[in-house]
Amino acid sequence: MSKSQAVSQGRKFSQVIRGATAIFLRDGYAGASVDDIARAANVSKATLYSYFPDKSRMFQEAMRAEADRLDGGFTLDIPDDLHPRQAIPLMTARIAEWLADPDRVRLYRIHVAEARRFAALSANFHDRVLHIVHDAIRPYLVRWVQSGQLCIEDTRIAAEQLIALASAGLMDALLRDRQNFPSNSDIQAISQSAAHLFLKAALPAPAELLLSAGSR
C-alpha cells in the first residue's frame, strides 16, 4: 500500500469509525456523504481525511470493524446431555435468530449490495459469518457422532448443511423486503422445518430396519 493510500490512526479514529459505520449502514456506500459522516462522528472533514485517503478506504475499515464485533457473538447454551432430537431444534432456532438480528441483516445487505465494488471484503464477511456459526455447532455434531446418536460421515459438511437449512429462504427474504425483518413465528417455522429435515437424514436407522435390510 502506498503512503497516499495508508490509513492513519489518531485519537479520534474509533469515533470516526463509529460515525462512518452508522452512515454507511443507513445510506449504503454510494448514498453516504462525507459531510454526513463527519457530522455523525462529530469531527471535521479535515479530521476524516487525516485518517482516510478517501471514502472507499473509510468504508472498508468501517465494515472490517463491524465484522470484528461478530467474533464471540454466537453462542449455544445447549446442555451436554441433551439428545439431538431436542438439541437440534434449539440449535437451528438459535442460528436463524442470530442471522436475522437487525444489526447482522444490515451488514448482510450492504455486503451483498457492494459485492461487485468490494468483492474481497464481501467474500471475507460471508466466510467469517459461516465460520463463526460453523465452529460453534460442529463440536456438538462430533460428540453426537462419537456417541452413536447421529450417523454423519463428515461433520464439517453436515455443519454447513445445517446452517444452510436453518437460513433457507431467510436471507433471500431479507434482501427482497428491505423495510421489514422476519417475525418470530417466521423464524421458528424455518428453524423447526430445518431441524426436522436434518434429523430425518442424520439420526441412525432403527435397529429393526437394519435387521430387515440385512436379511434381504
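This is a predicted model: local features need pLDDT of at least 70, side-chain atom pairs count only at pLDDT 80 or more; totals for chains, interfaces and linings use all residues.
I count two residues as in contact when they have heavy atoms within 4.5 Å. With that in hand, I looked at the contacts in the protein between residues at least 6 apart in sequence, and 73% of them join residues at least 24 apart.

**Overall make-up**

I went through the secondary structure next and found 11 helices and zero strands. Read along the sequence, the pattern is α-α-α-α-α-α-α-α-α-α-α. I also checked burial: of the 216 residues, 40% count as buried.

**The core**

Which residues touch the most other members of the largest nonpolar core? I got Phe24, Met91 and Ile137, out of 64 residues in that core. Helix 7 supplies the largest share of this core, 10 residues.

I followed up on Ile137. Leaving out residues up to four places away in sequence, Ile137 touches Phe74, Leu76, Met91, Ile95, Ala159, Leu162 and Ile163. Met91 and Ile95 are both on the list of buried residues in helix 5.

**His134**

I found His134 in helix 7, which covers residues 119-146. Is His134 buried or exposed? His134 counts as buried because its relative accessibility is 6%, and the cut-off for buried is under 20%. Setting aside residues up to four places away in sequence, I see His134 touching Arg156, Ala159, Glu160 and Ile163. Ala159 and Ile163 turned up among the contacts of Ile137 as well.

**Helix 8 on helix 10**

I looked up how helix 8 (residues 155-166) sits against helix 10 (residues 184-202): they pack at an angle of about 145°, with their axes 8 Å apart. The crossing is right-handed. On the helix 8 side I listed Ala158, Leu162, Leu165 and Ala166, and on the helix 10 side Ile190, Ala194, Leu197 and Phe198. By class, that contact has eight nonpolar, no polar and no charged residues.

**Helix 4**

I checked the length of helix 4 (residues 55-68). At 1.5 Å a residue, its 14 residues should span 20 Å, and its end C-alpha atoms are 20 Å apart, so the two agree.

How many of the 14 residues of helix 4 are buried? I got 10, so I wrote the helix down as mostly covered. The buried residues include Met58, Phe59, Ala62 and Met63, but Lys55, Arg57, Glu61 and Glu66 are buried too. The buried residues of helix 4 pack against helix 1 (13-31), helix 2 (34-41), helix 3 (45-51), helix 6 (102-113) and helix 7.

Ser56 is also in helix 4, and I noted it as partly exposed because its relative accessible area is 22%. Not counting residues up to four places away in sequence, Ser56 touches Tyr29 and Phe118.

**Helix 5**

I ran the length check on helix 5 (residues 84-99) too. Its 16 residues should span 22 Å at 1.5 Å a residue, and the end C-alpha atoms are 22 Å apart, so that agrees. Among the buried residues of helix 5 I have Pro84, Pro89, Thr92 and Trp98.

**Asn42**

One backbone item to log: Asn42 has a positive phi of about 60° although it is not a glycine. I located Asn42 in the loop between helix 2 and helix 3. I put Asn42 down as exposed because its relative accessible area is 63%.

How values were computed. Residues are numbered from 1 along each chain as its sequence is written. Side-chain values use heavy atoms; hydrogens and water are left out. Helices (H or I, at least four residues) and strands (E, at least two) are DSSP runs, numbered from the N terminus. Buried means under 20% relative accessible area, exposed over 50%, partly exposed in between (1.4 Å probe, protein chains only). Axes are lines fitted to C-alpha atoms, for helices over the stretch in contact, and angles run from 0 to 180 degrees between N-to-C directions. A crossing is left-handed if the near helix is turned anticlockwise from the far one by less than a right angle, and right-handed if clockwise. Ala, Val, Leu, Ile, Met, Phe, Trp, Tyr, Cys and Pro count as nonpolar, Asp, Glu, Lys and Arg as charged, and the others, Gly among them, as polar. The expected span of a helix is 1.5 Å times one less than its number of residues. A nonpolar core is a set of buried Ala, Val, Leu, Ile, Met, Phe, Trp, Tyr and Cys residues joined through side-chain atoms within 4.5 Å.
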